[in-house]
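Subject: Structure handover

Hi there,

Here is the structure I promised to pass on to you. Please have a look at it first, and then read my notes below.

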Amino acid sequence: MKKVLLISAAVILCLAMITGCGQTIESPEPEPPAQEEPAPAAEPEPEPEPDQAPANPVIRLSTTTSVNDSGLLSYLQPEFEKDTGFILEVTSAGSGAAIEKGRTGDADCLLVHSPAAENEFIDEGFGEERVTFMYNFYVIVGPEDDPAGVKECADASEAFVKIAENADATFVSRGDDSGTHNAELKIWGIADIDPEGQAWYISTGQGMGASLNIASETGAYILTDKATYLAHEQRDTMVILLEKSDEMRNNYSMIAISPERWDNTNREGSDAFIAWMTSQKALDMIDDYGVAEYGEQLFFTS
């Protein structure tokens, strides 16, 4: 019986081996390559934030009447305010009065044209530096018939002598300690003439525009900056008789008020104003001013 069982087991084992040999063993399919994760999209760079508004946006600018009366400052002001975020609070007077506002702490920055007074102001410690950035020229204007013969003179001091000596000539002075008044007094000094108290010498104590009106009404001679004359409504009643002599150059400077003298001064604003006014953009605007309207440049950058 055992023998029979052993034979049967052997037969079954053989059959199983034969069946296994006939089967095709399939190779396992290769796994697909792992797909790379797509790189995350680059995040857009953040928009640059606008400059922060100045802590103190108001700059108290004390300036001379010629910068205002000529229209130059109102031409530049919108661009300065747009570019910097500062706001100009402008007062204008003769240079003497404009500088005095710096002494009394009523201004943050000066824009004036009286070099001797500016240097004195700095020597007193109210400012640290004069930044001279533009100039124009004084001119002598007067009646077209020119009774004193100013048109024939070589320079301003010779013209002043002829005006003083001519019985039919009168001269209007601002008489207000402005830059123009100080320039006029300097020329009288070169001519060695003291005009004060003379019947032919009219001292108005007023600004350039008002003084030009008086000169126009009286048929007098007057020293004025050319830009204010060209922008003046009465310019057709007077003519330019002398210009561009060496004595007639008119330099304009800016001075930031020192916080050592007035700790409430807006020094940040003053520095921003001076930096902008000496930028290439502002200098180009100054050089272009007046050309379209008057056919000539009114101010020249230094």
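Helices (H or I, at least four residues) and strands (E, at least two) are DSSP runs here, numbered from the N terminus. Counted that way, the protein has 12 helices and 10 strands.

A word on the ground rules: this is a predicted model, in which local features need pLDDT of at least 70 and side-chain atom pairs count only at pLDDT 80 or more, while totals for chains, interfaces and linings use all residues. Residues are numbered from 1 along each chain as its sequence is written, and side-chain values use heavy atoms, with hydrogens and water left out.

Confidence comes next. pLDDT is the predictor's confidence in each residue, from 0 to 100. Its average over the protein is 86, and 83% of the residues score at least 70. Where pLDDT is low, the predicted coordinates should not be read in detail.

Now the overall picture. Of the 302 residues, 42% count as buried (under 20% relative accessible area; exposed is over 50%, partly exposed in between, with a 1.4 Å probe and protein chains only). Among contacts between residues at least 6 apart in sequence, 73% join residues at least 24 apart.

How do helix 6 and helix 7 cross? The axes of helix 6 (residues 156–165) and helix 7 (residues 179–191) come within 8 Å and cross at roughly 80 degrees. That makes helix 6 roughly perpendicular to helix 7; angles under 35 degrees count as roughly parallel, over 145 as roughly antiparallel, 65 to 115 as roughly perpendicular and the rest as oblique. Axes are lines fitted to C-alpha atoms, for helices over the stretch in contact, and angles run from 0 to 180 degrees between N-to-C directions. From helix 6, A156, S157, F160, V161 and A164 meet E184, I187, W188, I190 and A191 of helix 7.

D177, in the loop between strand 5 (171–173) and helix 7, has a positive phi of about 60 degrees although it is not a glycine. D177 is partly exposed, at 44% relative accessible area. D192 sits in the loop between helix 7 and strand 6 (201–203), and its phi is positive too, near 60 degrees. D192 is exposed, at 71%.

Finally, the aromatics. Rings of Phe, Tyr and Trp (its six-membered ring) pair if their centres lie within 6.5 Å; planes under 30 degrees apart count as stacked, over 60 as edge-to-face and the rest as tilted. By this rule there are 15 aromatic pairs. In one of them, Y75 and Y289 have ring centres 4.9 Å apart and planes at 35 degrees, so the pair is tilted. Y75 lies in helix 3 (residues 72–84) and Y289 in the loop between helix 11 (280–288) and helix 12 (291–294), so the pair ties together parts that are 214 residues apart in sequence. Y75 is partly exposed at 30%, whereas Y289 is buried at 13%.

W200 and Y201 have ring centres 6.0 Å apart and planes at 80 degrees, so that pair is edge-to-face. W200 is buried at 14%, and Y201 is buried at 8%. Ring pairs also link F160, F171, W188, W200 and Y201 into a cluster.

Best wishes

Key: Contact = heavy atoms within 4.5 Å.
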